[in-house]
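Subject: Structure for you to look at

Hello,

Here is the structure I said I would pass on. Please open it first, and then read the notes below with it on the screen.

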Amino acid sequence: MRKKKIIVAVTGASGSIYAKLLLDGLAQMQDQIERVGVVMSDNAKEVWRFELGNEDYDDYKFDFYGKMDFNAPFASGSAKFDTMIIIPCSMGTLGRIATGVSNDLITRAADVVLKERRKLIAVVRDTPFSLIHINNMKVVTEAGGIICPANPSFYSMPKTIEEVAQTVVSRVIDLAGLEQDSYRWND
Ligand SMILES: Cc1cc2nc3c(=O)[nH]c(=O)nc-3n(C[C@H](O)[C@H](O)[C@H](O)COP(=O)(O)O)c2cc1C
């Protein structure tokens with residue numbers, strides 16, 4: 001299997017734990033991954049500090065890019081990244097993607113992934129949804145993106161917050177086409 005090039009974008013929705021678990025998981029998958037590019041919004045860092053009580057995102061050995069760094073390779077389709085995962089994805093970022101407002105690296109990279117017909121996975125998080133949110137999810141889906149809401153499942157009997165959050169992250173890793181050992185219903 002060809003190794004994948006993956007973009008991880010973290011925005012300021014609640015659920016920094018999802019980003020942490022995904023980055024932890026990708027760090028263990030070097031045999032399947034050529035490169036991980038990471039970009040975080042300002043609010044993503046603020047929410048991470050608030051919810052997780054640390055700045056551990058600085059510790060990952062991935063390629064980090066500033067939120068306005070349009071020199072990042074994945075700001076252009078020519079760099080051929082396979083998949084972009086936005087985790088968690090705020091309603092603001094979702095709306096900017098749905099309306100083509102590519103005014104930062106996250107929204108530009110999503111624009112590129114969609115126009116190049118590659119895989120965009122948006123782990124949207126808010127509740128409840130307004131019609132604006134629902135319409136934006138519809139538009140992104142019609143443009144080829146995958147809306148993967150941060151809705152945990154409980155049939156694996158998770159015992160900890162990490163195990164609950166991992167039920168979402170495992171689905172994301174599956175959607176990205178990466179191989180992993182995870183709970184499978186009746187397997
Ligand atoms: C603690 C905290 C939790 C938040 N949770 C959400 C959320 O679950 N969903 C959402 O869309 N916005 C949430 N927000 C608001 C976003 O951070 C805000 O709309 C921001 O402008 C999003 O910008 P970004 O997408 O560039 O990160 C939250 C903000 C804070 C401080």
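I start with a loop residue. Lys80 has 11 C-beta neighbours inside 10 Å, and because a residue with 12 or fewer is called exposed, Lys80 counts as exposed. Please keep in mind throughout that this is a predicted model. Lys80 sits in the loop between strand S3 (63-65) and S4. Its phi is near 55 degrees, which is a positive value in a residue other than glycine. Most residues other than glycine have a negative phi, and most peptide bonds are trans.

Arg117 is another entry of this kind, with a positive phi near 60 degrees in a residue that is not glycine. Its place is the loop between helix H4 (105-115) and S5. Arg117 counts as exposed, with 10 C-beta neighbours inside 10 Å.

Where are the cis peptide bonds? One joins Ile87 and Pro88, with omega about -10 degrees. Pro88 is part of strand S4. Another cis bond joins Thr127 and Pro128, and its omega is also about -10 degrees. Pro128 belongs to the loop between S5 and helix H5 (131-142).

Next, the ligand. How many residues surround the ligand, and which are the closest? There are 16, and the closest are Gly12, Ala13, Ser41, Ser90 and Met91. By type, the shell holds five nonpolar, eight polar and three charged residues. Helix H2 (42-52) and helix H3 (91-98) each provide at least two residues of this shell. H2 contributes the most, with five residues.

UniProt, in an unreviewed entry, gives the annotation "binding site" to Gly12, Ala13, Ser14, Ser41, Ser90, Met91, Gly92, Thr93 and Arg125.

- Ala13 is in the loop between strand S1 (4-10) and H1. Ala13 has 26 other C-beta atoms within 10 Å and is therefore buried, since 20 or more is the cut-off. Apart from neighbours within four places in sequence, Ala13 is in contact with Pro88, Cys89, Ser90, Arg125 and Asp126. Pro88 also takes part in the cis bond with Ile87.
- Met91 lies in helix H3. Met91 counts as partly exposed, with 18 C-beta neighbours inside 10 Å. Leaving out residues up to four places away in sequence, Met91 touches Asp126 and His133.

The unreviewed UniProt entry also places the feature "binding site" at Tyr155 and Arg171. These positions are spread over 17 residues of sequence, yet they cluster in space, with a largest C-alpha distance of 13.7 Å. Are they buried or exposed? Tyr155 has 9 other C-beta atoms within 10 Å, so Tyr155 is exposed. Arg171 has 19 C-beta neighbours inside 10 Å, so Arg171 counts as partly exposed. Tyr155 lies in the loop between strand S6 (146-147) and H6, whereas Arg171 lies in helix H6 itself.

Helix H6 covers residues 161-175, which is 15 residues. At 1.5 Å a residue these should span 21 Å, and the end C-alpha atoms are 22 Å apart, so the two values agree. H6 does have a kink of about 30 degrees, centred on Thr167.

Which residues of H6 are buried? They are Ala165, Gln166, Val168, Val169, Ser170, Val172 and Ile173. In an α-helix there are 3.6 residues a turn, so residues three or four places apart point the same way. Keep this in mind when you turn the helix on the screen. The buried residues of H6 are covered by elements that include helix H1 (16-27), strand S4 (83-89) and strand S5 (119-124). After H6 comes Gly177, which has a positive phi near 80 degrees.

Finally, the overall picture. The unreviewed UniProt entry lists residues 4-175 for "domain: Flavoprotein". Over that range the chain is 40% helix and 19% strand, and the end C-alpha atoms are 13 Å apart.

Regards

Methods. Residues numbered from 1 in each chain as written. Predicted model: local features only at pLDDT ≥ 70, side-chain atom pairs only at ≥ 80, totals over all residues. Near = placed C-beta within 6 Å. Helix = DSSP H or I, 4+ residues; strand = E, 2+ residues; numbered from the N terminus. Nonpolar A, V, L, I, M, F, W, Y, C, P; charged D, E, K, R; others polar. Expected span 1.5 Å × (residues − 1). Bend = angle between axes of the 7 residues up to and from the residue. Contact = placed C-beta atoms within 7 Å. UniProt positions renumbered as here; feature names shortened; annotations may be inferred.
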